[in-house]
Amino acid sequence: MVEILGEQEREADQICQHGIDLCEEKEFEEAHKEFLRAHELDPNSAKIHSWLGYTTGLVEKRVARALEFCRMAIDSQIPDALFYRNIGVVYLLQNNKRAAIGAFAKGLQIDKGNRKILNEWSKLGFRRKPTLRFLSRDHWLNKKLGQWTYKKNTKPS
């Protein structure tokens with residue numbers, strides 16, 4: 001009986017990996033079907049939970065259910081940076097930017113150079129600090145100085 005379970009886990013992992021490959025190709029609906037199949041074979045896999053949560057949010061738009069899956073993966077205590085990327089993306093679907101930033105930061109603590117997390121991080125569009133901090137961000141002088149310094153810093157050298 002133990003061998004059968006081990007075989008099912010291996011098959012589930014292969015299906016999950018195929019789903020991850022489909023996600024790389026932006027085939028989220030097909031990937032979601034693969035993760036559902038993998039989950040049937042191995043309902044205790046943290047990796048499958050994380051990816052199933054990710055695609056549940058993207059495909060089914062069921063963010064609460066997606067967060068449940070992603071949290072189960074994180075609660076497994078397996079140090080996988082992509083678990084945090086996946087839950088971060090789901091938080092963004094929920095418009096919870098603060099939680100997404102926290103998740104991405106935790107993922108980067110595990111793997112500082114993780115391209116997928118850094119890519120998501122760059123999409124967040126952080127604002128620079130006001131040039132003159134004693135004035136409000138909306139003050140006309142801060143706006144003009146900000147525009148001028150931005151243009152100056154983005155010109156090719």
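Me: What makes up the secondary structure of the chain?
Reply: The chain of this predicted model has eight helices and zero strands. Helices are DSSP runs of H or I with at least four residues, strands are runs of E with at least two, and both are numbered from the N terminus. In order from the N terminus, the elements read α-α-α-α-α-α-α-α.

Me: Why is the chain called more spread out than a compact globule?
Reply: The radius of gyration is taken over C-alpha atoms, and the globule rule is 2.2 Å times the number of residues to the power 0.38. For 157 residues that rule gives 15 Å, whereas the chain has 20 Å, well over that value, so it is more spread out than a compact globule. The C-alpha trace spans about 75 × 35 × 30 Å along its principal axes.

Me: On what basis are such values given, and which residues do they use?
Reply: Because the model is predicted, local features need pLDDT of at least 70 and side-chain atom pairs count only at pLDDT 80 or more, while totals for chains, interfaces and linings use all residues. Residues are numbered from 1 along each chain as its sequence is written, and side-chain values use heavy atoms, with hydrogens and water left out.

Me: Why does Asn 86 count as buried?
Reply: Buried means under 20% relative accessible area, exposed means over 50%, and partly exposed lies in between (1.4 Å probe, protein chains only). Asn 86 has 0% relative accessibility and therefore counts as buried. Asn 86 belongs to helix α5, residues 81–93. Buried residues make up 36% of the 157 residues in the chain.

Me: What makes the approach of Asn 86 to Arg 85 a polar contact?
Reply: A polar contact is a pair of N or O atoms within 3.5 Å; within protein, one must be able to donate a hydrogen and the other to accept it, and residues adjacent in sequence count only if both atoms are side-chain atoms. Here the side chains of Asn 86 and Arg 85 make the contact, at 2.9 Å. With neighbours within four places in sequence set aside, Asn 86 is also in contact (heavy atoms within 4.5 Å) with Ser 50, Trp 51, Tyr 54 and Cys 70.

Me: How do you know that Phe 28 and Tyr 54 form an edge-to-face pair?
Reply: Rings of Phe, Tyr and Trp (its six-membered ring) pair if their centres lie within 6.5 Å; planes under 30 degrees apart count as stacked, over 60 as edge-to-face and the rest as tilted. Phe 28 and Tyr 54 have 6.2 Å centre to centre and 75 degrees between the planes, and the pair is edge-to-face. Phe 28 lies in helix α2 (residues 28–41) and Tyr 54 in helix α3 (residues 46–60), so the pair ties together parts 26 residues apart in sequence. Ring pairs link Phe 28, Phe 35, Trp 51 and Tyr 54 into a cluster.

Me: Is Phe 28 buried, exposed or partly exposed, and why?
Reply: Phe 28 counts as partly exposed because its relative accessibility is 22%. Tyr 54, at 7%, counts as buried.

Me: Why is Lys 129 called exposed?
Reply: Lys 129 has a relative accessible area of 62%, and is therefore exposed. Lys 129 lies in the loop between α7 (115–122) and α8 (140–154).
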